[in-house]
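Subject: Structure for you to look at

Dear colleague,

I am handing over the structure we spoke about, and below it you will find my notes on what came out of the analysis. Please read them with the sequence and the model open side by side.

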Amino acid sequence: MTIRLTWKRVVVTLIGIFALGMAYAWSGLFNVAASSGHWAITDWFLHWVMRNSVQTRAAFTTPKEASDDSGLVSAAGYYASSCASCHGAPGVRPLPLMQAATPPAPDLSKNAKEWTDRQLYWILEHGVKFSGMPAWGAKDRPDEVKRMVAFVRRLPTMSPQEYRVLAGSNALGVGAANGRFDSCAGCHGTDGLGRGQGDIPILAGQNPAYLAAALEAYATGKRQSAVMGNAAAQLTAQERVALAQRFAAMPGIAPGRGGAGDAAARQIVERGLPDKELPACRSCHDAAGAKRFPVIDGQRAVYIAERLRHWRGEKEVVDARKDQATMPVIARRIPEDMIEPVARYLAGE
Amino acid sequence: MRRIRSSVGAAALLSLGACNRHQSALSVFGEEAATVRHLTIVMLIGAVIIAAGVAGLMIAAVRAPEGRLTLSGGMRMVGWLGGVLPVVVLLALLLYSLPSMRPLPVGANDLRIAVQGEQFWWRVRYQPPGSPPLLTANEIRIPVGRTVQFDLTAGDVIHSFWIPGLAGKMDMIPGRTNRLVVRATKVGVFRGVCTEFCGLSHALMAFDVVAMEPAAFDAWLANERRPAAPAAGTAPGAQAFAANGCAGCHAIAGTPAAGLIGPDLTHIGSRASLGAGTTRMTREALVRFIKDAPSVKPGARMPAYPQLSREDAQAIAAYLESLK
């Protein structure tokens with residue numbers, strides 16, 4: 001017997017299949033339990049789709065230089081406080097609770113080798129649907145993602161001792177105690193000097209009002225950073241103020257400490273470039289520290305330069321859409337080739 | 001028909017916007033503008049007469065019986081009315097208007113005012129003969145009856161300087177100084193504008209023009225040379241002004257503030273408008289401008305200050321208001 005294919009029969013069959021599918025979904029017979037895991041074939045299919053997606057998208061949408069190993073300490077601190085509970089870390093097992101997820105988070109000490117830097121960058125930046133892997137917790141911070149790529153790349157060969165040194169007190173899983181000072185100190189150091197890292201600002205000696213305002217801006221997302229956003233969001237307003245005061249009281253950066261060398265940088269810092277409508281840095285960040293602005297004398301040059309570049313924003317954005325707040329406007333008026341010299345001059349390096 | 005009538009009405013209403021005494025080439029308070037207005041009226045009357053003549057000829061041509069005009073008669077008419085008459089009329093008009101193109105004579109002892117167009121404000125420097133220059137911004141005062149020379153230039157892009165009631169417009173071009181000589185004839189408060197598109201807030205780039213009796217002008221100029229407020233430096237607003245780094249761009253004579261990037265604020269409280277003719281000078285307008293100038297004037301070179309506390313902004317505004 002032969003069944004003749006007619007349009008009517010095809011349409012009726014398709015509608016029938018769709019109705020059966022909907023009926024199955026409606027009935028609740030499908031088991032969404034994480035405890036039951038996937039069938040092997042489902043597991044293979046889902047991973048196959050995910051790998052293809054990451055490979056294709058990473059090839060087209062990630063920066064060529066997707067890794068930056070100049071700031072492993074801040075990446076390690078963030079990894080310890082936000083990633084290790086699922087992925088584990090050298091000498092640290094993932095939480096049993098997190099391993100009971102479907103799918104369980106991969107062990108990065110093995111798994112990281114399977115991905116290129118650009119693929120890791122893409123996964124960290126965007127997260128993975130249906131897997132529990134979240135996207136990066138901040139917009140416009142490729143620098144943070146790149147540092148995390150470099151850190152994850154090192155995980156397979158990292159010893160527990162190396163990990164503990166990098167992550168500092170964050171590796172111990174402390175924080176709630178001691179007014180959360182320990183979790184700050186994990187990156188910024190117990191002396192507030194930033195553990196010698198270029199990307200971690202020195203907090204010791206900073207204007208306390210500025211520190212408290214920065215923590216609040218991180219907590220509300222006004223200032224974007226996954227690392228600091230996560231840390232600040234867990235603090236109460238009182239804790240923020242107390243931590244700001246504690247770090248500000250330490251000896252560290254101080255007004256008037258910067259200033260050495262480069263005449264062109266000195267011109268910008270001390271007098272500005274009136275013909276470019278660039279006011280002197282000193283008109284707000286004065287050498288006496290009497291004004292309502294952060295202290296930048298003696299701050300890390302890498303950090304200052306990075307901040308200035310971040311404020312300048314993308315060249316491609318039209319003027320009317322650029323950020324009109326104080327420092328973005330001023331940073332855009334600094335000649336591009338003077339950013340490094342100005343940062344070094346202020347740092348006194 | 002009704003739609004046409006209402007749209008004509010709307011257009012007529014729009015044109016009513018030109019009916020004001022402050023910013024109008026018809027509301028004249030200077031010799032240059034009087035000449036321009038005179039020329040305009042003469043040309044308008046002439047144009048009406050010529051248009052009426054042309055219309056009459058057309059009607060006559062349509063109504064004339066066939067064969068009224070021979071070919072040679074028609075050619076003669078075109079030659080006289082279309083060739084000779086326009087040459088005579090235009091030549092007469094040229095000879096009549098040439099004298100009005102001559103600039104007013106200006107002597108070494110006349111007041112010179114250098115005005116530099118900036119995005120989107122006016123840097124004004126009074127240079128009275130025999131005394132040091134005086135820097136101010138966004139308001140121009142001139143003595144009635146005295147010759148004044150404007151030296152016009154621009155700091156960033158091309159602007160154009162036009163006080164419709166005083167004189168014709170003159171371009172302000174970076175790296176070049178254009179001269180405009182004027183003489184005011186009437187006391188009053190008028191308005192000038194930028195008439196060359198210069199950026200996002202071009203339409204918000206204006207200034208007040210105050211024509212004063214010579215004696216009052218001299219007294220004003222002398223007062224302008226004095227620091228504005230005796231309280232300068234001790235008021236809470238003065239401290240907030242200093243603590244928030246305003247002096248990086250702005251100057252207030254008699255205080256350490258000496259920035260030349262933005263407008264001079266020495267006597268800002270005495271100006272009628274804020275932000276180069278953008279809003280009236282009120283406390284609220286000052287607060288808003290200080291906190292977020294780009295929201296008042298898109299593209300303004302002054303950044304926003306989201307970190308500035310409301311108290312500081314209000315103290316600074318009160319302080320600026322007191323600088324008379």
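Two strands are said to pair here if DSSP finds at least two bridges between them. Please keep in mind throughout that this is a predicted model.

With that in hand, I begin with strand S10 of chain B. Strand S4 (residues 139–143) of chain B is joined to S10(B) by 5 bridges, and the two run parallel; within this pairing, Ile140(B) stands opposite Val209(B). Strand S9 (residues 188–194) of chain B also pairs with S10(B), in this case in the antiparallel sense and over 6 bridges, with Val210(B) as the bridge partner of Val189(B). Because 7 of the 7 residues of S10(B), which covers residues 206–212, are buried, this strand is largely enclosed by the rest of the structure. Ala206(B), Asp208(B), Val210(B) and Met212(B) point one way from the strand, while Phe207(B), Val209(B) and Ala211(B) point the other way, and all of these are buried.

Chain B also has an open sheet of 5 strands with mixed pairing, in the order S3-S2-S1-S5-S8. Strands S3 (134–137) and S8 (178–183) of chain B stand at the edges with a single partner strand each, so one side of each is left without a neighbour in the sheet. From one strand to the next, the twist averages 25°. Helix H4 (residues 214–225) of chain B lies across S1, S2 and S3 of that chain, and runs at about 95° to S3(B).

Turning to chain A, the domain assignment gives domain 1 (60–172), domain 2 (174–252) and domain 3 (263–347). The C-alpha centres of domains 1 and 2 of chain A lie 22 Å apart, and 22 residues of domain 1 are in contact with 15 residues of domain 2. About 1,500 Å² is buried between these two domains of chain A, with carbon and sulfur atoms giving 50% of that area. On the domain 1 side, Val73(A), Tyr78(A) and Ser169(A) lose the most area to domain 2, together 32% of what that side buries. The count between domain 1 and domain 2 of chain A is 1 salt bridge. Arg147(A) forms a salt bridge with Asp199(A), in which the closest N and O atoms are 3.0 Å apart.

With best wishes

Notes:
Residues numbered from 1 in each chain as written. Chains lettered and ligands numbered in written order. Predicted model: local features only at pLDDT ≥ 70, side-chain atom pairs only at ≥ 80, totals over all residues. Heavy atoms only, no water. Helix = DSSP H or I, 4+ residues; strand = E, 2+ residues; numbered from the N terminus. Axes fitted to C-alpha atoms, helices over the stretch in contact; angles between N-to-C directions. Contact = heavy atoms within 4.5 Å. Buried < 20%, exposed > 50% of the residue type's maximum accessible area, 1.4 Å probe, protein only. Domains from an automatic or database assignment. Buried area = accessible area lost by both parts, 1.4 Å probe. Salt bridge = Lys/Arg side-chain N within 4 Å of Asp/Glu carboxyl O.
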